[in-house]
Amino acid sequence: MPDTHAVPPTNTADPVLAADDVVKHYGGIAALDGVSLHAAAGECVALVGESGSGKTTLLRCFNRMTEPDAGRVTVEGADAASADAVEMRRRIGYVAQDGGLLPHWTVLRNASLVPWLRGDADAEAKGAAALAWVGMEAAEFGGRWPRELSGGQRQRVAIARALAARPGIVLLDEPFGALDAITRADLQDAFGSLRRGLGITAVLVTHDLHEAALLADRIAVLRRGRIEQVASPETLVRAPATEYVAGLVARSRLGAG
Amino acid sequence: MMRRMMGIAALLVFAFASGPSAEAQAQAQAQAARTTADRPVVIASKPFGESYLLAEMFAQLLEARGIPVDRRMGLGATEIAFGALRTGAIDVYPEYTGTGLIAILGEPPQPDPAAVFGRVSHEFAARWGVRWLPPLGFENTYAIAVRKETAEREGLRTLSDLARASPRLRAGFTPDFIGREDGLPGLQAAYALRPRSVRPLVQAVKYQALAQGSVDVIDGYSTDGLIDRYTLVVLEDDRGFFPPYEAAALVSARLQRDRPDAVAELTRLSGRLDVAAMRALNRRLEVDGEPVARVAADALRTLGLVGAAARADARPAARAQGLGAYLWERRMTLLRLTGRHLLLVAVSLAAAAAVAVPLGVMLGRARAGAAEGTVRAVGVLQTIPGIALLAFMIPLLGIGTAPALVALFLYSLYPIVRNTYTGVRDASPQATEAAQALGMSPGQVLRHVRLPLAAPAIMAGVRTSAVIAVGTATLAAFIGAGGLGDPIVAGLALSDTRMILSGAIPAALLALVVDAVLAMAERRVRPGGV
């Protein structure tokens, strides 16, 4: 059972996203203390942990919203540190917890953002298509302002915006954290099937182990800037590598169902 | 009277004392080379009644001899009027020898008038090429005054008498006088004066407070018209404590060189005005509310210096007229002043926005500490009193429109910089973060996210600056830049409430209109969806 080993992962021979021995300090605190994680093509990896565990910091290293102090990050085989960050980000979708829609842009313009940034002539058509994927038809919602939408609708638009340019990679930072349970379940289903259908490689930050188990192929448990375990949801439940992971699983009652 | 203008003079002495005189003279020479003998003689006054009157007499005297004159009345205070004279922006204004000695030269008081005149004559000529014409013939010094019945009851004739009776008397002195070494502290030392109480009173209410019996003794000015009106007794300075403040015409180096004929004409007033005559003229001006021009013309006629036909004005005393009629009669003038006021505000505000918005944007992207520091530094400008800022401008820009625009520009920076900086910095952190993460360049984030979201805040800053500028621009009158401050300054100098209101009311209305128009603009720049 190689996937129960914490580091390094051994089953990702040709990773789309790779972090190797990444270190990031804020002041004297190590947010990331030598973390390695790979995501294979089409794979969804969830980063799980408490607040301050470093999961969001690790996510942000993949699109260089955070620059590591040490270690190496590669995106599609290329060293992220030497890439043009702006150009690279246009190839990576991103969804934040609050959506981060531009409040002064209409829904359609928000959804068309990345194709527009890439200079696509059919940017609006791509935005409209992405809106259709998430059930927010442009004909009905395209002209609205973000503040005129419900929280769940805003997250749908944020997902459409992240996917509109058909990126191979999407990063999600607690995308469903602020939603009520029913809306969250709807969006999880919608995103999960979209991601699988489009063959997108994803990294998903969440504090909810159930969400991680539902959406991710593998789960990385982070604690104090280090990875405790990277494993499939089943392995995590069956064979937690550390007491911390075992406690986490027990508290989430993940194995009970 | 000149003393009330001297408070800030002490603070600002370095503003001209530090300016190298060689530079000033070179500047004056350069200006002289550009002009012809036909250039009008620029006559100025300081912003109080007696100064207006003397300057108007200078002006009419020259006009009666066919010499063209340009009036720049009510220049801010000693440092502004003298700064303008020294740099050649004006040619002549009435000044007092004691003021020259203490406020301009920064020397200690001396008791002998001839010695003071000799000292200032020598120093002003040597340092700046500026000439004191022989004194006009009266002194305007502190006049410690009591009510007639107090004088009779306590047997008061001199300041020594006052000192003896002072434990029974309540004093009301101007704050300036209370603090000055040649005011109350010196007076206490010289005469052992110990009033039962000392209350600070501003100039405007001093005489009324004394007349109504709220206080028993005040510091007046020896030529005040109000001393006669309230039948007060001025106590004799029997120990010669107060230094002499002889009034005289102060003449620029340029006028001496270009128009010796004008200087000769002005010298004809030397020695012709005594204290009694001056007090009577001031009374017509400040108590009866007669127009300056008429009082000046009458005075010159009485002295036999102009013929009977000069500038007679047959209208009744203007103060009999109601405010509405007064404003209506002056509507064209007020319209012109309002236009000029608006121009000063618009030009300085546009320039301030052109500088402050980019600066605020830059700061929004700088390190927080450095940015806050810069914004605070700009804010310090805001704490400089308007009149002081204008005074600082004189050595650099002379008087008139240019220094007023620069001062208004500096005042307008802070609200715009502050609002732009915070608006850009705080513009929806989630939206800017997501925009960046999805591949907007920093420039695109600024142009497409931060600036549109900050636009209403920026516009609110412009609006704040505009309303402040409309108010501050009234001070521009102190440096001869015109606008609605003109009637305010003149009205304050002449105790003419209606004249003050004829500037203040349009200024207030203008502020309201500017505020409303910019409020509309603020709504228009608010992006949809916000």
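In this predicted model, strands β3 and β10 of chain B run antiparallel. Five bridges join the two strands. β3(B) covers residues 92–96, and β10(B) covers residues 247–251.

Look at its two faces in turn. One side carries B:Val92, B:Pro94 and B:Tyr96.

Now turn to the place where the chains meet. Here 18 residues of chain B are in contact with 20 residues of chain A. Two helices of chain B, α22 (429–437) and α23 (442–472), each supply at least two residues of the side that touches chain A. Which element gives the most to that side? It is α22(B), with six residues. By class, this side of chain B has 11 nonpolar residues, six polar ones and one charged one.

How confident is the predictor? For the complex, it gives an ipTM of 0.90 and a pTM of 0.73. Chain B averages a pLDDT of 85, and 89% of the residues score at least 70. Over residues 1–26 of chain B, the pLDDT is below 50. This stretch still has 51 contacts in the model beyond near neighbours in sequence. Residues 310–317 of chain B also stay under 50. For them, the model has 14 contacts beyond four places in sequence.

Terms used: Residues numbered from 1 in each chain as written. Chains lettered and ligands numbered in written order. Predicted model: local features only at pLDDT ≥ 70, side-chain atom pairs only at ≥ 80, totals over all residues. Contact = placed C-beta atoms within 7 Å. Helix = DSSP H or I, 4+ residues; strand = E, 2+ residues; numbered from the N terminus. Nonpolar A, V, L, I, M, F, W, Y, C, P; charged D, E, K, R; others polar. pLDDT = per-residue confidence, 0-100. Buried ≥ 20, exposed ≤ 12 C-beta atoms within 10 Å, placed from the backbone. Pairing = 2+ DSSP bridges.
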